[in-house]
Protein chains: 2
Amino acid sequence: MTKSPVPIRFKDTQIELAHGSGGKASRRLVEGLIAPILGNPSLDDAALLSLGGASLALTADSFVVKPLRFPGGSIGELAVNGTVNDLAVSGARPIALLSTLILEAGLSAQVLQAELQAIGQAARRAGVQVVGGDTKVVEHGKADGLFISTSGIGLVDARVNLAASSVRPGDKVLLSGPIGDHGITILLARGELDLEASLKSDTRSVWPFVEALIETVAPGLRWMRDPTRGGVATALNELAREAQLALRLYEEHIPVRDEVRGACEILGLDPLHIANEGQFIAIVGPEYAEAALEAVRRVAGGQEARLIGEVVETPAGVVYTVSSYGSSRVVDMLVGDPLPRIC
Amino acid sequence: MTKSPVPIRFKDTQIELAHGSGGKASRRLVEGLIAPILGNPSLDDAALLSLGGASLALTADSFVVKPLRFPGGSIGELAVNGTVNDLAVSGARPIALLSTLILEAGLSAQVLQAELQAIGQAARRAGVQVVGGDTKVVEHGKADGLFISTSGIGLVDARVNLAASSVRPGDKVLLSGPIGDHGITILLARGELDLEASLKSDTRSVWPFVEALIETVAPGLRWMRDPTRGGVATALNELAREAQLALRLYEEHIPVRDEVRGACEILGLDPLHIANEGQFIAIVGPEYAEAALEAVRRVAGGQEARLIGEVVETPAGVVYTVSSYGSSRVVDMLVGDPLPRIC
């Protein structure tokens with residue numbers, strides 16, 4: 001999470017679900033309370049550390065998704081891919097993970113076993129090792145089945161130099177695939193809505209795509225992010241504010257499945273605010289944009305990647321979409337939390 | 001946690017509090033279920049990783065202590081010192097921490113602020129930086145106020161080579177100070193017992209002591225451990241099993257405060273099973289033992305360190321105490337969990 005030009009104060013008297021949304025309330029909590037006390041821990045970015053000649057990326061996430069299993073994945077798989085992806089979009093090859101479990105007494109051993117297997121399989125697929133961890137148990141009723149925290153360490157590729165400050169007007173916005181699948185899948189899996197769709201979570205490691213980009217267009221890579229909580233809109237708003245530039249998105253170029261669009265229309269949600277767990281955004285220099293798109297599309301699962309917009313000068317700090325009919329709308333960060341416990 | 005010579009199978013159908021105790025049930029869960037699926041994640045040890053010419057130690061812990069604040073410390077302080085100490089007893093200088101928070105909706109912002117300040121202060125005292133983290137919020141009733149997971153990275157000192165396999169008969173057991181303060185403090189702080197004592201948690205970073213040992217007796221350092229959950233008895237039983245040697249402890253040499261001894265007598269507990277959060281055990285070659293003791297005692301807070309026993313050949317895998325009266329008793333690992341949620 002990038003720093004606001006104006007200092008933010010946290011005045012809320014108690015914690016609400018929205019503080020975990022990844023949107024505006026999360027930003028207030030992190031920038032107004034956590035960062036001033038702890039120094040400058042980032043919410044979304046991996047921290048970079050030079051040690052013994054190597055440039056390391058470090059990141060940590062907690063996972064509290066509900067339900068534990070859903071079409072396309074489970075908490076164990078998210079707990080690997082979420083952390084791997086934070087490393088990947090920092091330009092770091094994921095190396096090792098640590099996984100801590102908080103278990104609720106009474107949790108079925110089968111459920112735990114299934115999630116351990118999901119962690120193991122996802123780690124093997126992502127090419128990382130789970131090198132350690134810890135297990136705590138709390139009384140029945142004091143947790144919700146199973147929470148996982150994962151931290152990861154990666155080796156930053158020396159060819160990339162990613163920063164919001166490197167972004168320039170004219171740069172292109174590359175999106176790796178359709179948005180909103182994860183968030184809407186979780187929403188439907190809760191069964192609270194009278195909706196059905198043959199949708200599944202997009203949870204996957206994005207490292208193969210990032211690796212392909214590094215191999216082909218490293219000098220053109222400016223900035224990357226995996227748009228999880230708060231969605232593409234929140235990630236790009238953070239970039240726009242930090243770079244003090246604007247992002248113009250072409251409405252019709254943004255890939256959204258019919259099922260996601262339909263559910264969002266019924267629920268009054270914007271697909272740009274919905275969480276993804278297997279997509280990433282890359283800002284790429286204009287002369288590298290087509291090669292970048294080709295590189296991502298050549299990797300299995302990357303066929304739906306699109307160039308969805310470009311960086312422009314004004315209005316600074318704003319993300320907006322334009323349609324082929326000429327209409328335009330401003331896309332703000334997520335406010336509140338319409339979909340709590342999405343990851 | 002070291003590997004048992006006989007494979008352990010996990011046959012329990014559901015998770016119980018004892019699986020988080022650090023004792024026998026934890027061992028069964030880790031060795032019987034987690035390690036076979038994930039590879040070989042250790043419960044207590046930091047994982048070692050060679051990266052870019054540096055030898056790194058990585059460790060992660062979750063903290064679910066109840067109550068959040070207690071005499072001598074709080075969950076935020078534990079979340080720093082617990083992770084720092086895992087690195088220290090691996091012979092690694094703690095460098096950086098990542099901290100993830102799971103918050104229960106409704107948590108007072110003041111309580112959160114106090115714990116963030118505790119994290120910040122403990123990190124400064126321990127000489128580490130909190131470089132990143134993550135925050136999730138779950139609904140009221142789905143967590144117990146605040147859980148913290150911390151992971152840490154340290155730089156292994158090239159002068160030390162710690163392993164159970166380096167331990168030899170004749171080696172001495174050094175203990176850094178009185179045992180059981182933390183566990184009994186938590187128990188009393190819950191107010192469920194009609195006991196009072198002017199006791200406080202021993203939570204602190206043990207790195208200054210470890211650093212002094214490395215500076216003075218590095219070639220004589222064989223093995224170290226911070227005896228948290230499961231206490232000194234569990235840590236030494238794990239060593240005895242892995243090294244296939246015995247540990248003879250001199251009952252009267254083990255420092256235990258009167259308040260801890262008294263509470264343990266009333267409750268039928270053994271101080272050797274009670275958790276510590278600011279102590280460590282070092283196994284030291286006999287020719288280095290006195291110098292090691294002096295080195296620890298010279299550091300502020302190390303005046304109560306003692307040599308409490310020695311490594312002997314038989315009975316292999318057993319920890320036992322002897323008293324000056326000639327009596328002897330076997331000290332097993334912790335069984336069950338008389339004190340859940342101690343850290």
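Reader: Which residue of chain A comes closest to the rotation axis?

Author: This is a predicted model. Chain A can be laid on chain B by a turn of 180 degrees and a shift of 0.0 Å along the axis, with an RMSD of 0.0 Å. The two copies are thus related as by a two-fold rotation axis. At 2.2 Å from that axis, taken at C-alpha, lies A:Ala143.

Reader: What percentage of the contact residues of chain A recur in chain B?

Author: The same surface serves both copies. The share of contact residues of chain A that recur in chain B is 100%.

Reader: How many Å separate the centres of domain 1 and domain 2 of chain A?

Author: Chain A is divided into domain 1, residues 44-156, and domain 2, residues 164-330. Between their centres, taken over C-alpha atoms, the separation is 24 Å.

Reader: Which residues form the salt bridge between these domains of chain A?

Author: The count between domain 1 and domain 2 of chain A is 1 salt bridge. Its closest N and O atoms are 2.8 Å apart, and the partners are A:Arg93 and A:Glu211.

Reader: Which element gives the most residues to the side of domain 1 of chain A that touches domain 2 of chain A?

Author: The contact takes 23 residues from each of the two domains of chain A. On the domain 1 side, the elements giving two or more residues are α2 (75-88) and β5 (92-104) of chain A. With 8 residues, the one that gives the most is α2(A).

Key
Residues numbered from 1 in each chain as written. Chains lettered and ligands numbered in written order. Predicted model: local features only at pLDDT ≥ 70, side-chain atom pairs only at ≥ 80, totals over all residues. Heavy atoms only, no water. Least-squares fit on C-alpha atoms with pLDDT ≥ 70 in both. Contact = heavy atoms within 4.5 Å. Domains from an automatic or database assignment. Salt bridge = Lys/Arg side-chain N within 4 Å of Asp/Glu carboxyl O. Helix = DSSP H or I, 4+ residues; strand = E, 2+ residues; numbered from the N terminus.
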